[in-house]
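Open the model in your viewer and keep the selection tool at hand. We will go from stop to stop, and at each one you will hear what to select and what is there.

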Amino acid sequence: MTNDLIDLATKVGMALQARRLVLATAESCTGGGVSQAVTEIAGSTGWFECGFVTYSNASKTELLDVSAALIAQFGSVSEEVAGAMAEGALANSNADVAVSTTGIAGPTGAVPGKPVGTVCFGWSRGDTTFTERLVFQGDRQAVREQTVAHALRGLLRFIE
């Protein structure tokens, strides 16, 4: 875990705690990396509820209530699915805010219009959900690290 990620996670924890919010994560391409980053912080039990690692499409449907039709229509790496994942994490936990990641970390898995490094994010709270799609450069580890960092930075913007 890099110092930059620990610093970001610390800032997220402080912001959540100041607003009395509890976080849940829904992760695919990061495999629990966002959850790992936030639980590196002592006291995270006060603001972190749970993390869903939903790598397969079936787990996205079964654990997060993401519609199989939505996945079929847009693909699992889409802003639509990322938003539904974040909303599903809220609906299936006691959290107040959720962040989701779904993407193609590589080195394989690219499809037309979605190169390796494509990642979609979702941030949800109450009736508000924001999504974003980015393409990161680098190998699998670099894509995953950039994804975790961006998810945390986005969470800070979303809750502040």
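In which helix is Ala15 found? Select Ala15 and you are in helix H1; helices (H or I, at least four residues) and strands (E, at least two) are DSSP runs, numbered from the N terminus. Before going further, note that this is a predicted model, in which local features need pLDDT of at least 70, side-chain atom pairs count only at pLDDT 80 or more, and totals for chains, interfaces and linings use all residues. Residues are numbered from 1 along each chain as its sequence is written, and side-chain values use heavy atoms, with hydrogens and water left out.

**Stop 1**

Ala15 counts as buried because its relative accessibility is 5%; buried means under 20% relative accessible area, exposed over 50%, and partly exposed in between (1.4 Å probe, protein chains only). Show its contacts (heavy atoms within 4.5 Å). Leaving out residues up to four places away in sequence, Ala15 touches Leu156, Ile159 and Glu160. For a view across the model, draw a distance from Ala15 to Ala110: they are 95 residues apart along the chain, and their C-alpha atoms are separated by 36 Å.

**Stop 2: H1 against H6**

Now select helix H1 (residues 3-18) together with helix H6 (residues 140-159), whose axes come within 10 Å and cross at roughly 25°. Axes here are lines fitted to C-alpha atoms, for helices over the stretch in contact, and angles run from 0 to 180 degrees between N-to-C directions. The crossing angle therefore makes H1 roughly parallel to H6; angles under 35 degrees count as roughly parallel, over 145 as roughly antiparallel, 65 to 115 as roughly perpendicular and the rest as oblique.

Show side chains for the contact: H1 brings Leu5, Leu8, Ala9, Lys11, Val12, Ala15 and Leu16, while H6 brings Glu145, Val148, Ala149, Leu152, Arg153, Leu155, Leu156 and Ile159. Coloured by class, this contact has 12 nonpolar, no polar and 3 charged residues. In that scheme Ala, Val, Leu, Ile, Met, Phe, Trp, Tyr, Cys and Pro are nonpolar, Asp, Glu, Lys and Arg are charged, and the others, Gly among them, are polar.

**Stop 3: Thr10**

Stay in H1 and pick Thr10. Thr10 is partly exposed, with a relative accessible area of 27%. From Thr10 to Gly106 there are 96 residues in sequence and 29 Å in space, C-alpha to C-alpha.

**Stop 4: Gly106 and Pro107**

Zoom in on the peptide bond from Gly106 to Pro107, which is cis, with omega near 10°. Pro107 sits in the loop between strand S3 (97-103) and strand S4 (118-125).

**Stop 5: two positive phi values**

Next, select Arg20 in the loop between H1 and S1. Its phi is near 55°, a positive value in a residue other than glycine, and Arg20 is exposed at a relative accessible area of 77%. Then jump to Asp65, in the loop between helix H3 (57-64) and helix H4 (68-74). Phi of Asp65 is near 60°, again positive in a non-glycine residue, and Asp65 counts as exposed at 53% relative accessibility.

**Stop 6: Thr25**

Finish in strand S1 (residues 23-27), where Thr25 is found. Is Thr25 buried or exposed? Thr25 is buried, with a relative accessible area of 0%. Apart from neighbours within four places in sequence, its contacts are Val34, Ser35, Phe48, Cys50, Gly51, Phe52, Ala89 and Val99. Look at Ser35 in particular: the side chains of Thr25 and Ser35 make a polar contact at 2.6 Å. A polar contact is a pair of N or O atoms within 3.5 Å; within protein, one must be able to donate a hydrogen and the other to accept it, and residues adjacent in sequence count only if both atoms are side-chain atoms.
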